[in-house]
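Work through the exercises below with the sequence and the coordinates at hand. Each task is followed by a solution that goes step by step.

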Amino acid sequence: MGPTLRTWVLAVVHVVAAQSPTNSTSSSAVPSSAGNPPNTSTTTTASSSSSFSTSLPVTTSSTTLTSVATETGPLTWPISEYSFTPFPTPTLAPIPPVFPETDPLNPPPVDSDYNVVPDFAPAWAAAYEKAQSMIANFSIEQKVNITTGIGWMKWPLRWEHPSRRQLPRTCDSPLGVRFTDFVTAFPAGITAASTWNRALIRARGHALGQEFHAKGVNVALGPMMNMGRVAQGGRNWEGFGADPFLTGEAAYETILGLQQSGIQATAKHYINNEQEWKRTQESSNVDDRTEHEIYAHPFLRSVMAGVSAVMCSYNLVNDTYACNNYKLLSDILKREYGFQGYVMSDWAATMNTLSAVAGLDMTMPGDITLGSGTTYFGANLTAYVMNNTISEARLDDMATRIIAAWYYMHQDQGYPNVTVDSFNPYNPLNQEVNAQSNHDELVRKIATAGTVLLKNEGNALPLTKPKSIVLVGSDAAPPVSGPNEYADQGGDPTGILAMGWGSGTTNFTYLISPYEAIQARARKDQTTVSWDFDNWDLDQAGNDAIPAEVAIVFINSDSGEGYITVDENAGDRKNLSAWHEGDQLVLAVAAQNNNTIVVVNSVGPLIIEPWVDHPNVTAIVWASLGGNEAGNAIVDILYGAWNPSGHLPYTIAKNASDYPAQLTLGGTATDILAIIIPKEMHGRLYIDYRWFDAQNITPRYEFGYGLSYTTFEFSQLVDLIQNWENGGATPIAEGSSAALWLHMPLFQVTFNVENTGSVYGGEIPQLYVHHPPSAGEPPSILKGFTNIELAPGQTGQASITISRYDLSVWDVVRQGWAKPNGTIEFSIGASSRDFRLNGTFPV
């Protein structure tokens with residue numbers, strides 16, 4: 001969400017397919033519909049290369065231009081009478097311990113390799129019964145009131161029970177409670193993903209939830225799980241990287257942790273919101289198979305984690321706004337995934353009243369445009385229900401889902417009073433509750449574990465009581481005007497970069513810079529420390545580096561949400577270069593010091609070719625966004641208090657043009673851009689490392705890469721095999737994609753890992769599946785990972801569990817998950833290009 005939005009109402013707007021800044025080709029988009037009306041078949045018979053579409057009478061117009069491709073849209077719902085029948089609730093008998101009955105406040109224990117599929121159905125059923133009882137005697141107006149936010153900046157009330165009890169209260173962000181005091185700034189999602197550690201990701205979610213709960217907030221607007229399809233995407237840092245499996249597992253653990261604390265989690269932004277430029281005026285055109293296998297997978301895992309809410313996004317998908325798209329909201333999310341919670345809009349992303357027919361349950365914050373005082377729900381929804389345009393049964397379903405989530409999370413039982421006033425920072429209410437606890441310890445641990453060691457020539461690291469150190473670059477320093485010098489962190493950082501900008505931020509209670517942390521360590525070691533925080537005086541920086549035993553250069557790159565522009569970066573990064581002349585700064589220092597260490601705080605990948613192979617650059621530490629304890633975490637890595645165990649959640653390329661997707665720019669004020677995910681084989685499923693593998697492009701550092709201060713050897717691969725019935729695709733039914741038989745453990749791949757180095761350390765073994773060529777899949781697909789810590793010389797056994805779902809591909813004709821014909825192989829290694837063991841699944 002963000003405060004600067006553009007809303008499109010029931011008007012017809014022509015859509016222009018803009019040219020990529022680097023790819024000048026254009027193609028015609030495939031038109032599709034807003035989705036099937038309720039109570040009609042949703043089966044499609046599209047080929048694997050077509051956009052998913054279903055039949056619906058629509059109002060459209062198109063404009064043909066000679067210079068660029070055009071398409072029809074946006075597609076809208078006609079005024080009619082729409083009946084409604086609720087989707088049946090998916091039911092499966094519990095099968096302990098694989099499929100245990102689970103309450104969201106008591107999730108299964110975290111494991112480095114998942115072997116349990118929690119069953120939240122009984123908890124949802126009990127909540128539905130209570131919710132239906134509550135609304136049984138509600139008037140239409142009272143039920144509509146539940147579905148309609150009360151307006152922008154009217155915190156804290158969102159809807160109101162007739163008894164005057166306030167329910168529920170929502171608040172950003174994915175890394176901390178936004179716009180209040182005495183809360184923790186946790187490491188960003190991209191940093192958490194870099195740990196590849198389920199226990200730490202779960203713990204982060206749990207601690208986040210504890211702080212939201214302590215502040216009396218009912219609904220946390222996170223986690224964010226959009227794919228890092230475009231390396232320059234402004235909000236990539238809020239999410240978990242560029243692979244659907246890693247993102248899905250991180251989302252799953254985050255949600256289990258959040259909801260264990262009694263807070264409703266929100267999976268966002270559903271779906272295909274992959275760039276900030278014209279995010280309310282672009283159509284992401286995606287085929288059915290790609291949607292299921294790449295972009296929707298993290299949302300499926302969220303539903304399997306029992307998520308309470310899903311937030312639909314600003315953009316269009318195949319010419320239909322996401323919050324108005326029946327196929328996405330009702331057929332995939334509620335029918336196929338069996339989602340029992342409610343769908344809320346992103347802030348002012350509701351496009352018309354008939355979005356309720358498509359599957360939208362709650363409009364937020366209620367206004368058509370922020371602060372307008374008008375709404376598509378409210379009186380308009382009341383009128384539509386009273387004249388039978390929208391069935392009252394659908395309104396009952398909307399209200400039931402929202403209230404059920406409240407009961408599901410036991411928020412009817414002694415929930416704390418709200419102590420957040422988001423739009424009045426000087427209100428003493430914000431300081432009534434200190435929610436931080438001892439979370440600084442966890443913040444430091446996650447930021448350290450999420451730091452990736454990319455280069456370490458001659459064992460330059462860890463540092464051992466160096467005689468002298470020089471710190472170079474503004475990113476080493478405390479921010480000039482304090483850690484909250486810009487609202488929503490939306491300005492050119494003057495010190496350490498510890499989070500991006502936008503609504504996904506929080507206020508720092510404090511921020512430890514590398515300067516402060518290294519000074520503290522230097523006092524213990526009696527090391528001489530000097531510094532130069534001026535990035536622009538390159539001669540002085542070089543001169544400062546000459547006498548130092550170690551020169552550490554700190555560089556960064558920032559991005560954020562599109563309602564804020566920083567140095568011409570309108571949310572998305574305008575390039576993949578380091579900010580503040582970072583490349584030149586590294587070269588200036590390396591020219592004068594033969595032990596130059598580079599520390600990078602970045603929202604995502606950078607092109608580091610100007611200096612990565614410089615002989616005097618001995619080490620590269622990729623620290624991402626560390627939150628409150630960023631400086632201390634960097635020191636823990638530099639001095640070996642923590643043996644680096646982080647791995648990249650994306651690919652670092654040698655050239656920006658090597659990435660398969662670029663920002664789609666251009667367009668006039670009235671155009672809707674068409675972002676066409678290629679329908680040909682090479683392009684649609686080939687995100688990030690999958691593209692590099694398929695096209696045989698050598699990256700600088702591949703997805704999953706990360707060094708350690710020790711070495712590991714993998715050996716003795718063993719398969720524990722269960723039978724997999726030789727059936728067809730999953731049926732078209734309620735909860736079909738989340739079915740137990742599809743996700744329960746099928747194979748457990750077991751192997752040994754030995755620490756062959758001289759120091760204690762952790763490794764992240766990763767399992768990649770190789771489908772037969774006939775399946776049309778990328779060469780290698782991440783489908784499992786685990787973590788193991790070992791002492792020098794110690795050998796430990798590791799296991800990675802694989803399900804039928806992990807080996808399946810989406811069949812667009814049969815609309816289900818199917819096993820491809822042919823041999824399915826796998827590799828285990830330390831990255832997407834460092835395979836140590838190989839095997840074949842006997843299927």
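The exercises that follow treat the chain as a whole, then its aromatic rings, and then its strands.

This is a predicted model, in which local features need pLDDT of at least 70 and side-chain atom pairs count only at pLDDT 80 or more, while totals for chains, interfaces and linings use all residues. Residues are numbered from 1 along each chain as its sequence is written, and side-chain values use heavy atoms, with hydrogens and water left out.

**Exercise 1. Describe the chain by its elements, burial and contacts.**

Step 1: Counting helices (H or I, at least four residues) and strands (E, at least two) as DSSP runs numbered from the N terminus, the chain has 20 helices and 30 strands.

Step 2: Of the 843 residues in the chain, 66% are buried, where buried means under 20% relative accessible area, exposed over 50%, and partly exposed in between (1.4 Å probe, protein chains only).

Step 3: With contact taken as heavy atoms within 4.5 Å, 79% of the contacts between residues at least 6 apart in sequence join residues at least 24 apart.

**Exercise 2. Characterise the pairs Phe245–Phe785 and Trp501–Trp579 by geometry and by place in the chain.**

Step 1: Rings of Phe, Tyr and Trp (its six-membered ring) pair if their centres lie within 6.5 Å, and planes under 30 degrees apart count as stacked, over 60 as edge-to-face and the rest as tilted; the structure holds 24 such aromatic pairs.

Step 2: Phe245 and Phe785 are edge-to-face, with 6.2 Å centre to centre and 90° between the planes. Because Phe245 belongs to helix α5 (residues 244–260) and Phe785 to strand β24 (residues 781–785), this pair ties together parts that are 540 residues apart in sequence. Both Phe245 and Phe785 are buried.

Step 3: Trp501 and Trp579 form a tilted pair, at 6.4 Å centre to centre and with 50° between the planes. Trp501 lies in the loop between β14 (468–472) and α13 (514–525), and Trp579 in the loop between β16 (550–557) and α15 (582–590), so their pair joins parts 78 residues apart in sequence. Trp501 is buried with a relative accessible area of 0%, and Trp579 is buried with 8%.

Step 4: Phe245 and Phe785 also belong to a cluster linked by ring pairs, together with Trp196, Tyr689, Phe703, Tyr768 and Phe835.

**Exercise 3. Which strands pair with β29, and in what sense?**

Step 1: Two strands pair if DSSP finds at least two bridges between them. Strand β23 (residues 766–770) pairs with β29 in the antiparallel sense over five bridges, and here Val769 stands opposite Phe826.

Step 2: Strand β30 (residues 834–841) is joined to β29 by seven bridges, also antiparallel; Ser831 has Asp834 as its bridge partner, and a hairpin connects β29 to β30 through two residues.

Step 3: Because seven of the eight residues of β29 (residues 824–831) are buried, this strand is largely enclosed by the rest of the structure.
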